[in-house]
Amino acid sequence: MFRKNIITDEALVKSISAGGRSEARALEYLIDKEYPKVLHFVLQHGGNDADGDDVFQEALTALVLNIRRSQYKGESALGTYLFAIAKGVWFKRIRKTGRDRDRDQEVGRSSETVDLSTPETPMIAADKRQTLLEVFENLGEKCPDVLFLWASGYNMEEIALRAGYSSAQAAMNRKNKCLKALHAQMDDNPILVDLLKNLR
C-alpha cells in the first residue's frame, strides 16, 4: 500500500499530476501524514476540529492546483509547503473574522445606518458579471463547467464523469482547449484580467 511506506516528494508529485487512483493514494498518504500537524496548529491558535478540517481541505486543494500548474518547484519539502499554505489559510480566516467582528460592533454602536452605495454600484456589478458571462459563452460548449471543476481540484476522470465525456483524455483535451481560448481572450482584453481577479 502507498501509505505503509515512506514515499518521496517526487513520487507524490508525479502521482498527483497523473490523477486517478495514483492521485487518490498520494492524497490519502498526505492526509494521514500531514493532517494531524495542521489540526494541532489550528487548535493551538484558537480553532476547533471543524476549523482544522476546513483549513486542511482548503490547503490540500491549493497544493493540488499548484502542482498541476507547475507552481510547486520542490524548493521545500511537500509537507512543509502544505503546512505553510494551511497556516496562511488559517491566519487569513482569523483576520477576516476580526474585521467582521469589528464591523458588527461598529454597526451596533451606530444609531443610524449610512448607505455608502451609489445608484451605479449594482450596475457596475451587473456589468462585470455580464462581461464574464459573454466571455464564458464564447469559450465553447461545456468550457465553464470543465474549468470550474478543474480549478476546484477534480481530476480528469471525475471531470469526464461529471461533464459527460467519454474518457479522462477527452476531458483533458477539452480543458486544454478551453484554457487556450480563455488566455487568448485575456490577451486581447486586459480589463478582463481585473474582472476575473476582483469579481465578488
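Asn66 sits in helix α3; helices here are DSSP runs of H or I, at least four residues, numbered from the N terminus. Its relative accessibility is 15%, so Asn66 counts as buried (under 20% is buried, over 50% exposed, partly exposed in between, with a 1.4 Å probe and protein chains only). Setting aside neighbours within four places in sequence, Asn66 contacts Gln71, Tyr72, Tyr81 and Ile85, where contact means heavy atoms within 4.5 Å.

A word on the source: this is a predicted model, where local features need pLDDT of at least 70, side-chain atom pairs count only at pLDDT 80 or more, and totals for chains, interfaces and linings use all residues. Residues are numbered from 1 along each chain as its sequence is written, and side-chain values use heavy atoms, leaving out hydrogens and water.

Now the aromatic rings. The whole structure has four aromatic pairs; rings of Phe, Tyr and Trp (its six-membered ring) pair if their centres lie within 6.5 Å, and planes under 30 degrees apart are stacked, over 60 edge-to-face, the rest tilted. Phe41 and Phe83 have ring centres 5.5 Å apart and planes at 75 degrees, so this pair is edge-to-face. Phe41 is in helix α2 and Phe83 in helix α4 (residues 78–109), so the pair ties together parts 42 residues apart in sequence.

How exposed are these rings? Phe41, at 10% relative accessibility, counts as buried, while Phe83, at 27%, counts as partly exposed.

Phe41 also forms an edge-to-face pair with Phe91, at 5.6 Å between centres and 85 degrees between planes. Phe41, Phe83 and Phe91 make up one aromatic cluster.

Definitions and conventions: Helix = DSSP H or I, 4+ residues; strand = E, 2+ residues; numbered from the N terminus.
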